[in-house]
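This briefing concerns the strand pairing and the ligand site of the structure shown below.

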Amino acid sequence: MNNTARRVNALAKQLGSRRYLEIGVLHGNTFRDVEIPERTAVDPGFGFDTSELANEVTRFFKQTSDDFFAEAPIFPPYDLVLIDGMHTFEQVVRDLSNVLVRTHQRSVIILDDTVPDDVYSTVKDGLASYRHRKTDSAPARGWQGDVYKTLFYIHDFFPSLNYRTIVRDGNPQTLVWRANGVHRSPVFDNLERISRLDYFELQDNLAVLQPATEAEAIALCVAEIQAL
Ligand SMILES: C[S@@+](CC[C@H](N)C(=O)[O-])C[C@H]1O[C@@H](n2cnc3c(N)ncnc32)[C@H](O)[C@@H]1O
């Protein structure tokens with residue numbers, strides 16, 4: 001079981017989650033191990049034969065998240081959602097917006113790719129990211145695009161959401177949940193400025209990630225949701 005499935009299952013167990021949505025599924029390395037009764041997978045290019053797993057409670061939508069949400073009903077809402085599709089700021093903000101209306105007060109949203117491996121990983125275009133890395137003979141790392149900007153956006157403009165970024169215990173991810181009266185002073189307070197942030201400005205403002213261990217992030221998320 002990978003880190004993501006472990007985190008999803010830990011949250012699901014403590015919160016009694018019954019409906020799961022995963023945006024960006026690829027080979028299903030996480031999806032297959034999610035222990036939640038109803039599972040929905042969305043990806044324009046699944047990397048496996050989905051008919052092996054598809055049934056009444058395990059649904060596959062071979063389309064972009066935008067196309068999926070254009071038709072997806074608002075009810076019943078999802079309890080747990082993993083956003084791991086296109087790794088750009090704009091797409092993740094749009095996915096988050098669509099997910100917020102299809103979740104409820106006690107849902108958890110996990111954002112993947114919120115912490116880039118290095119500066120090459122932040123290039124917006126994935127193919128260009130790998131090309132520049134190769135040209136510079138830079139070490140092989142992943143591509144997270146500019147998803148990190150989403151945390152600045154949430155930090156400054158969504159006081160209605162709380163979050164913590166798991167920065168140890170495996171690949172970084174951010175847990176997001178509805179908050180009750182969180183006060184944060186905006187760092188940039190400017191959407192245009194946030195959309196132009198670069199890797200080094202992220203490094204200068206790492207506190208905005210609200211870093212935590214996996215255990216700390218899950219414990220706080222569950223405690224705050226249970227107190228709502
Ligand atoms: C990093 S992989 C997902 C990994 C998977 N969540 C896991 O944990 O194993 C990203 C996936 O996002 C998909 N993707 C790309 N653009 C997308 C979009 N607009 N909507 C939904 N999925 C998208 C890609 O096809 C790819 O399979």
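Tyr20 stands opposite Arg39 in S2. The model is predicted: local features require pLDDT of at least 70 and side-chain atom pairs pLDDT 80 or more, while totals for chains, interfaces and linings use all residues. Residues are numbered from 1 along each chain as its sequence is written, and side-chain values use heavy atoms, without hydrogens and water.

**Sheet**
- Strand S1 (residues 19-23) pairs with strand S2 (residues 38-42) in the parallel sense over 5 bridges; strands are DSSP runs of E with at least two residues, numbered from the N terminus, and two of them pair if DSSP finds at least two bridges between them.
- The open sheet has 8 strands with mixed pairing, in the order S3-S2-S1-S4-S5-S7-S6-S8.
- Strand S3 (58-61) and strand S8 (211-212) are at the edges with a single partner strand each, so one side of each lacks a neighbour in the sheet.

**Ligand site**
- Around the ligand are 15 residues, of which Gly24, Thr30, Asp43, Ser65 and Asp84 come nearest (a residue counts if one of its heavy atoms lies within 4 Å).
- By class, this shell has 6 nonpolar, 6 polar and 3 charged residues, where Asp, Glu, Lys and Arg count as charged and Gly is among the polar ones.

- One nitrogen atom of the ligand lies 2.7 Å from a side-chain N or O atom of Asp84.
- A polar side-chain atom of Glu22 is 3.0 Å from a nitrogen atom of the ligand.
- A polar backbone atom of Leu26 is 3.3 Å from an oxygen atom of the ligand.

Notes
A polar contact is a pair of N or O atoms within 3.5 Å; within protein, one must be able to donate a hydrogen and the other to accept it, and residues adjacent in sequence count only if both atoms are side-chain atoms. Helices (H or I, at least four residues) and strands (E, at least two) are DSSP runs, numbered from the N terminus.
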